[in-house]
Amino acid sequence: MKKTILTCLLLVLLFILTAPAPVMAQNPPPTGEEFHGDQVIFGENYVLRASQTLNGSLLVMGGNADIENGATVNGEIVILGGNLQIDGQVNGDVSAIGSNVKLNDDAYVQGDVQIIGGSITQEEGSTVTGTIN
């Protein structure tokens, strides 16, 4: 199972790195707004603020991501070589390779959390509807 996930993530990474014109949005939308489309972040930090919604997946390589309380991600989160802190809601799977994930007490993940070569901290009150590996 872990080999399959790792293989899929590496294929996605390879695809992204070889795409002729990847979309690299470095900043989330203004407070209270929705953003449609996947976010690919290279070597930068990403913060999805309270009342903001990302309707797409989030890939962060070499940076940190913070999903604040009241923020929503309607898609998957993949983080490579960074830290992920979730206080808001994620409607999708979370995958971390060489990264640390912290699920604070208000975190809600409707999906699985996969950690390879990192750690997870789950505070009391946080919810994961799937499995944690």
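Author: Two strands pair if DSSP finds at least two bridges between them, where strands (E, at least two residues) are DSSP runs numbered from the N terminus. This is a predicted model, in which local features need pLDDT of at least 70, side-chain atom pairs count only at pLDDT 80 or more, and totals for chains, interfaces and linings use all residues. Residues are numbered from 1 along each chain as its sequence is written, and side-chain values use heavy atoms, with hydrogens and water left out.

Reader: How many bridges join E11 to strand E14, and which residue in E14 does Ala-96 stand opposite?

Author: Strand E14 covers residues 113–116 and runs parallel to E11, the two being joined by four bridges. Within this pairing, the residue in E14 that stands opposite Ala-96 is Ile-115.

Reader: Which residue stands opposite Ile-97 in E11?

Author: E11 also pairs in the parallel sense with strand E8 (residues 77–80), over four bridges. Opposite Ile-97 stands Leu-80.

Reader: Are the residues on the two faces of strand E11 buried or exposed?

Author: Buried means under 20% relative accessible area, exposed over 50%, and partly exposed in between, with a 1.4 Å probe and protein chains only. Val-94 and Ala-96 on one side of E11 (residues 94–97), and Ser-95 and Ile-97 on the other, are all buried.

Reader: With which residues is Gly-43 in contact, leaving aside its neighbours within four places in sequence?

Author: Gly-43 lies in the loop between strand E2 (39–42) and strand E3 (46–48). Contact means heavy atoms within 4.5 Å, and on that criterion the partners of Gly-43, those neighbours left aside, are Met-61 and Gly-62.
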